[in-house]
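Here's a quick briefing to read with the model open in your viewer. It goes topic by topic, with the cut-offs spelled out along the way.

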Amino acid sequence: MTHCCCDYPTVSNAEEIRRQWDNVRKTFRRTWAEELGEWPQTAGRNWPGHHIHDLLHGGHPTAQSNVLPLPEEVHKVVNDAYPACYARDPRWLSIGPVKPYVD
């Protein structure tokens, strides 16, 4: 990951937003499946839904265009990288690929 424009302030109701996602996750995956095919799994476990605009910084918890299924190990790498983005780490301030999530 080499580019980010994360300058969104943190939200005060992160727990509430997380609960919204938790409450709608199964329905979200069913709706996803109707349009895009079954939600991906590995060894019978659903992949996590990664919020592209993360919940702590105001990302919409249930917007289909904001959630991307990622394998668990990839989801962990992406989530571990996010703090560098918000810390204004220079690696995140350079121009990245045209399409996000390809590098």
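## Briefing

Alanine 43 sits in the loop between strand E1 (41–42) and strand E2 (45–46); helices (H or I, at least four residues) and strands (E, at least two) are DSSP runs, numbered from the N terminus. Keep in mind that this is a predicted model: local features need pLDDT of at least 70 and side-chain atom pairs count only at pLDDT 80 or more, while totals for chains, interfaces and linings use all residues. Residues are numbered from 1 along each chain as its sequence is written, and side-chain values use heavy atoms, with hydrogens and water left out.

- Alanine 43 has a positive phi of about 55°, even though it is not a glycine.
- Most residues other than glycine have a negative phi.
- Alanine 43 is also exposed, at a relative accessible area of 79% (buried means under 20% relative accessible area, exposed over 50%, partly exposed in between, using a 1.4 Å probe and protein chains only).

**Aromatic rings**

- There are 3 aromatic pairs, counted when rings of Phe, Tyr and Trp (its six-membered ring) have centres within 6.5 Å; planes under 30 degrees apart are stacked, over 60 edge-to-face and the rest tilted.
- One of them is tryptophan 21 with phenylalanine 28, an edge-to-face pair with 5.2 Å centre to centre and 75° between the planes.
- Both partners are buried: tryptophan 21 has 1% relative accessibility and phenylalanine 28 has 7%.
- Tryptophan 32 and tryptophan 39 also go edge-to-face, at 5.1 Å centre to centre and 70° between the planes.
- Ring pairs tie Trp21, Phe28, Trp32 and Trp39 together into a cluster.

**The nonpolar core**

- The largest nonpolar core has 7 residues: Ile17, Trp21, Phe28, Trp32, Trp39, Leu55 and Val67 (such a core is a set of buried Ala, Val, Leu, Ile, Met, Phe, Trp, Tyr and Cys residues joined through side-chain atoms within 4.5 Å).
- Helix H1 (residues 14–36) supplies the largest share of this core, 4 residues.
- In soluble globular proteins, nonpolar side chains tend to be buried together.
- Beyond its neighbours within four places in sequence, tryptophan 32 is in contact with Gly37, Glu38, Trp39, Pro40, Gln64, Val67 and Pro69 (contact means heavy atoms within 4.5 Å).

**Proline 61**

- Proline 61 is in the loop between E3 and E4, and counts as buried at 7% relative accessibility.
- Setting aside neighbours within four places in sequence, proline 61 is in contact with Ile17, Gln20, Trp21, His51, Leu55 and Val67.
- Proline 61 and histidine 51 are 10 residues apart in sequence, and their C-alpha atoms are 7.3 Å apart in space.

**A buried charge**

- Aspartate 54 is found in the loop between strand E3 (49–51) and strand E4 (67–69).
- Aspartate 54 is buried yet has no salt bridge, and the nearest side chain of opposite charge, arginine 18, is 8.1 Å away (Lys and Arg count as positive and Asp and Glu as negative; His and the chain ends are not counted).
- What aspartate 54 does have is a polar contact of 2.7 Å, side chain to side chain, with histidine 57 (a pair of N or O atoms within 3.5 Å; within protein, one must be able to donate a hydrogen and the other to accept it, and residues adjacent in sequence count only if both atoms are side-chain atoms).
- Not counting residues up to four places away in sequence, aspartate 54 touches Gly59, Tyr82 and Tyr86.

**Salt bridges**

- The structure holds 3 salt bridges, each needing a side-chain nitrogen of Lys or Arg within 4 Å of a carboxyl oxygen of Asp or Glu.
- Aspartate 22 bridges to arginine 25, with the closest N and O atoms 2.6 Å apart; both lie in helix H1, 3 residues apart, about one turn of the helix.
- Aspartate 22 is partly exposed at 37%, as is arginine 25 at 24%.
- Glutamate 72 pairs with arginine 45, closest N and O atoms 2.8 Å apart.
- This pair links distant parts of the chain, with glutamate 72 in helix H2 (residues 72–86) and arginine 45 in strand E2, 27 residues apart.
- Glutamate 72 is partly exposed at 41%, whereas arginine 45 is exposed at 53%.
- Aspartate 80 and lysine 76 meet at 2.7 Å, N to O, and are separated by about one helical turn because they are 4 residues apart in helix H2.
- Lysine 76 counts as exposed, at 51% relative accessibility.
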